[in-house]
Amino acid sequence: MKKTLIALAVLGACTSNASAQSNVTLYGIIDAGITRIVNDSGSNGNRTVVDAGQMLTSRWGLRGEENLGGGLKARFGLEGLLGNDTGGAGIPTGTPSTTSLFDREATVGLSGGFGAVNLGRQNVLGMNSIAMADPMGMAFAPTNPNVLFSVMNSAAVYGAYGANNGGSALRQSNSIRYTSPYYKNFGFALMRAFGEQPGSTQKSKYEGVSSFYHTGPLSASAVYARMKNVTASEELKSHAFGVRYTRKGFTLRSTYAANRVDTTRRKISVAGVGADFLVAPAVTLTGAVYHTRHTGNAHNDSQQYVAIAKYAFSKRTSGYGSIAHARAGSVVGASHVNLAQGFIAVGSSSAKRATTGVIHTF
């Protein structure tokens with residue numbers, strides 16, 4: 001009994017000492033909305049659902065930082081998806097598929113006057129460019145063309161490329177990223193993910209470079225990246241640009257992104273523009289338009305028109321409502337890429353959506 005008490009006392013002392021030297025934060029977003037989608041093909045494409053992560057993807061995470069002295073800091077980040085509509089956590093990644101608790105981020109690194117270096121699983125560089133300037137602030141991620149195609153979160157389309165070996169290409173495992181400090185409002189970032197395949201460092205690799213500029217009301221960013229498949233026989237190249245301009249009560253955002261497979265010459269591009277209007281202290285209205293285009297072995301295009309109203313009950317809790325319309329250049333078939341995934345059903349060429357929900361951050 002005495003040994004147990006002594007052990008607990010020592011553990012408590014160690015925990016207190018560690019807490020005194022570093023800061024650890026628990027944070028998260030819990031978002032749920034009721035959505036009704038009506039397709040022009042009739043009742044087979046219509047559905048009503050309660051979904052998590054409508055305005056912002058539901059998530060939870062831990063982040064910490066320790067001051068090492070001399071301007072040097074150690075930090076870590078762990079973040080995972082929350083499926084609060086079902087109580088699930090994490091998403092399946094990799095081949096064979098396993099559910100990762102911290103699927104969104106799992107990194108450790110150092111920062112200082114030289115910039116920051118992080119190692120682990122993290123977003124591709126294009127995410128920073130697109131998220132900063134996405135026309136509707138990365139809302140409706142499961143159907144947002146920028147999320148699906150600009151940052152390549154569609155596993156069905158991009159799962160063969162990069163270091164995830166079957167999962168979404170939005171986040172890359174086994175990666176190292178360097179972010180520079182700002183110099184005269186400019187900065188840059190470099191990232192490399194290792195496929196860890198035998199025989200070649202080119203198999204399942206990801207390489208990217210980005211630049212960014214921030215001053216006053218204007219922010220801009222650009223990125224170029226390339227990924228290879230597991231045999232290094234195909235390469236996917238991508239580039240993206242984002243611009244955001246903010247004045248009191250008004251924000252204008254615009255993005256353009258494209259990616260292309262070198263062997264099949266399949267190209268998918270997304271252009272978007274949107275604006276936020278603060279019409280009252282607690283009320284923000286957002287309008288956004290996207291045009292998505294697919295060329296290569298098949299040719300198709302799609303447009304989305306989205307209107308969102310948000311009411312802030314407090315700094316942490318908001319209610320929202322949205323209406324949206326999507327249309328495709330032709331009837332969506334099962335054999336080609338659906339440019340309005342999760343929105344327009346197979347067999348339809350257009351759909352309408354209405355959503356209302358609540359979002360809380362902690």
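This is a predicted model: local features need pLDDT of at least 70, side-chain atom pairs count only at pLDDT 80 or more; totals for chains, interfaces and linings use all residues.

How do the residues of the lining of the largest pocket divide into nonpolar, polar and charged? They comprise 16 nonpolar, 16 polar and 10 charged residues.

**Largest pocket**

- The volume of the largest pocket is about 990 Å³.
- Its lining consists of 42 residues, and those closest to the centre of the pocket are Thr57, Arg104, Met127, Leu170 and Arg171.
- At least two lining residues come from each of the following strands: strand 3 (59-69), strand 4 (72-83), strand 6 (91-93), strand 8 (105-112), strand 9 (115-123) and strand 10 (171-179).
- Helix 2 (125-133) and helix 3 (145-150) likewise each supply at least two residues of this lining.

**Second largest pocket**

- The second largest pocket holds about 370 Å³ of space.
- Of the 17 residues that line this pocket, Met55, Leu56, Thr284, Lys310 and Ser318 lie nearest its centre.
- Two or more lining residues are given by strand 15 (250-261), strand 17 (283-295), strand 18 (300-312) and strand 19 (317-328).
- Strand 18 gives the most to this lining, with 4 residues.
- By class, the lining of the second largest pocket contains 9 nonpolar, 5 polar and 3 charged residues.

**Cavities**

- The model has 2 cavities of 30 Å³ or more.
- Strand 13 (218-228) and strand 14 (235-247) are the elements that give two or more residues to the lining of the largest cavity, and strand 14 gives the most, with 3 residues.
- The lining of the largest cavity has 7 nonpolar and 4 polar residues, with no charged residue.
- The second largest cavity, by contrast, has 2 charged residues in its lining, alongside 2 nonpolar and 2 polar residues.
- This second largest cavity has a volume of about 30 Å³, and the residues that line it are Ile91, Arg121, Asn153, Ser168, Leu170 and Arg171.

**Strand pairing**

- Strand 10 and strand 11 (residues 186-193) run antiparallel and are joined by 5 bridges.
- Within this pair, isoleucine 176 stands opposite arginine 192 of strand 11.
- The hairpin of strand 10 and strand 11 has 6 residues between the strands, and lysine 184 in this hairpin takes a positive phi near 50°.
- Strand 11 also runs antiparallel to strand 12 (residues 206-215), with 8 bridges between the two.
- Phenylalanine 188 has serine 211 in strand 12 as its bridge partner.

- Serine 348 is located in the loop between strand 19 and strand 20 (350-361).
- Because its relative accessible area is 0%, serine 348 is classed as buried.
- Its side chain makes a polar contact of 3.4 Å with the side chain of aspartate 40, and another of 2.6 Å with the side chain of serine 41.
- Apart from its neighbours within four places in sequence, serine 348 is in contact with Asn39, Asp40, Ser41, Ser330, Val331 and Val332.

Methods: Residues are numbered from 1 along each chain as its sequence is written. Side-chain values use heavy atoms; hydrogens and water are left out. On a 1 Å grid over the protein atoms alone, a cavity is a set of points where a 1.4 Å probe fits but cannot get out, and a pocket is an open set with protein on both sides within 12 Å along at least five of seven lines; lining residues have an atom within 4 Å of a point. Grid points are joined across faces, edges and corners, and a volume is the space filled by probe spheres set on the points. Ala, Val, Leu, Ile, Met, Phe, Trp, Tyr, Cys and Pro count as nonpolar, Asp, Glu, Lys and Arg as charged, and the others, Gly among them, as polar. Two strands pair if DSSP finds at least two bridges between them. Buried means under 20% relative accessible area, exposed over 50%, partly exposed in between (1.4 Å probe, protein chains only). A polar contact is a pair of N or O atoms within 3.5 Å; within protein, one must be able to donate a hydrogen and the other to accept it, and residues adjacent in sequence count only if both atoms are side-chain atoms. Contact means heavy atoms within 4.5 Å.
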